[in-house]
Amino acid sequence: MKTDKVISAFIFPGQGPHHADMLKILKTIPNGGFFLERLKRLRGIDLEELIRIKGDDILRENKIASFATAVFSMTCHRWLQANNYTPQYVAGYSVGQYVAMWAAEMIADQQLFEILETRADLMDEFQAQTGSGAMLAVIGLPTKLVEATCESVSFENSRVCVSNYNCEGQLTLAGHEEAVARVKEKLIQLKARQVTDVYVSGAWHCFMQIGVAKSFRKYLETVVFSPAKLMVLDNTNGEPLPDNHQELVNHLQKHLYLPVRWRDCVKTLLQYDVVRFIEVGYGNMLCKYGMFIDRSVKHVAVSNLIQE
């Protein structure tokens, strides 16, 4: 088999509109149950059984959604390796950041699962104390207008902000439930092409997660990170993650409350002459964002490659 020489980036999605049938799809990939078994053995989580019993609802839980996202991406990554697809760069959206670090061999399977579980547990514990928030997807309005609208409906203890800069005209908002409801009404009045509730269990990547960061940082300081074998981008600024341990920990704890700047990640990879972006995971959300950022390069979901 010929070695793949195209300058490529593997991009790993975050939590999204997952469905119970995703594990059926997973099992169609050669050795599709490998990481399900690894998760079961290393963390005692039988993802397949949980989803079989509780269906789609359990995939809205932060921890389970994180594990499902990671296991699907890890399985797809293994298939790509077996078929000689080789990236020069990796990046991850939201929780996909940690899967990208795993792909760059900064962390092993057990470390990845432990990080995801600790992160989710801390977020859920803090949310139980402070109250849940909400998230909203907005399509078809200028970024500055959306930012200004968020500011106009926000008050000291009832705020909303942009949490994900996906591509121009496609943003995600997060904040207190009542503030999200106010901004939703305003954006509809401004004739946004689409305003949709995001069905996740909390308000991620915004000020509501600042209180979690201190505890998460304390945990991250105990994690031993290996040198990256590939360049890994930081999804909060589009720049390479630092090598220094303390700087890396500082960046990673900020991921909890800083917005995801996916457009910046893609723009950085384009500057490194990447001509093929392979979305390594469930769905094709990042491919869609990529097409709006730059159509001159190839954006392909791993599912399409597997079917070829």
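This report walks through selected residues, charge pairs and surface patches of one structure. The model is predicted.

## Salt bridges

Side chains of opposite charge can pair when their charged atoms come close. In this model the count comes to 11 salt bridges. Three of them are set out here.

| Pair | N to O distance |
|---|---|
| Arginine 38 and aspartate 109 | 3.0 Å |
| Glutamate 117 and arginine 43 | 2.9 Å |
| Glutamate 221 and arginine 217 | 3.3 Å |

Start with the salt bridge between arginine 38 and aspartate 109. Arginine 38 sits in helix H2, residues 34-43, and aspartate 109 sits in helix H6, residues 109-130, so the pair ties together parts that are 71 residues apart in sequence. Is aspartate 109 buried or exposed? Aspartate 109 counts as buried, because its relative accessibility is 13%, and the cut-off for buried is under 20%.

Next comes the salt bridge between glutamate 117 and arginine 43. Glutamate 117 belongs to helix H6 and arginine 43 to helix H2, so this pair ties together parts that are 74 residues apart in sequence. Glutamate 117 is buried, at 11% relative accessible area. Arginine 43 is partly exposed, at 26%.

Both residues also belong to a wider group. Arg43, Lys63, Glu114, Glu117 and Asp121 are linked in a network of salt bridges.

The last pair in the table joins glutamate 221 to arginine 217. Glutamate 221 is partly exposed, with 38% relative accessibility. Arginine 217 is partly exposed too, with a relative accessible area of 22%.

## Surface patches

Which residues gather in a patch of negative charge on the surface? They are Asp21, Asp56, Asp57 and Glu61. Take aspartate 57 as one of them. Aspartate 57 is in the loop between helix H3 (47-54) and H4. Its relative accessible area is 60%, so aspartate 57 is exposed.

A nonpolar patch also lies on the surface, formed by Val6, Ile7 and Val275. Together these residues have about 200 Å² of accessible area. Valine 275 is placed in the loop between helix H11 (262-271) and strand E9 (276-279). Valine 275 counts as partly exposed, at 43% relative accessibility.

## Buried residues

Asparagine 62 is in helix H4, which covers residues 62-82. Its relative accessible area is 1%, so asparagine 62 is buried. What does asparagine 62 touch, not counting residues up to four places away in sequence? Its contacts are Gln15, Ala120, Met123, Asp124, Ser201 and Trp204.

Alanine 100 is part of helix H5. Alanine 100 is buried, with a relative accessible area of 0%. Leaving out residues up to four places away in sequence, alanine 100 touches Phe12, Val90, Ala91, Gly92 and Val232. Leucine 258 is 158 residues from alanine 100 along the chain, and the C-alpha atoms of the two are separated by 18 Å.

## A helix residue in part view

Isoleucine 210 lies in helix H9, residues 210-220. Isoleucine 210 counts as partly exposed, at 47% relative accessibility. How many residues apart along the chain are isoleucine 210 and methionine 123? They are 87 residues apart, and their C-alpha atoms are separated by 9.9 Å.

## Positive phi angles

Most residues other than glycine have a negative phi.

Serine 94 has a positive phi, near 55°. Where is serine 94 placed? The loop between strand E2 (89-92) and helix H5 (96-103) holds serine 94. Serine 94 is buried, with a relative accessible area of 13%.

Aspartate 273 is not a glycine either, yet its phi is positive, at about 70°. Aspartate 273 lies in the loop between H11 and E9. This is also the loop of valine 275. Is aspartate 273 buried or exposed? Aspartate 273 is exposed, because its relative accessible area is 52%, and the cut-off for exposed is over 50%.

Key: Residues are numbered from 1 along each chain as its sequence is written. This is a predicted model: local features need pLDDT of at least 70, side-chain atom pairs count only at pLDDT 80 or more; totals for chains, interfaces and linings use all residues. Side-chain values use heavy atoms; hydrogens and water are left out. Helices (H or I, at least four residues) and strands (E, at least two) are DSSP runs, numbered from the N terminus. Buried means under 20% relative accessible area, exposed over 50%, partly exposed in between (1.4 Å probe, protein chains only). Contact means heavy atoms within 4.5 Å. Patches are made of residues with over 30% relative accessible area and no salt bridge: like charges are joined within 9 Å, nonpolar side chains (Val, Leu, Ile, Met, Phe, Trp, Tyr) within 5 Å. Accessible areas come from the Shrake-Rupley method with a 1.4 Å probe; for residues, only the protein chains shown count as cover. A salt bridge is a side-chain nitrogen of Lys or Arg within 4 Å of a carboxyl oxygen of Asp or Glu. Lys and Arg count as positive and Asp and Glu as negative; His and the chain ends are not counted. The place of a charge is taken as NZ of Lys, CZ of Arg, CG of Asp or CD of Glu.
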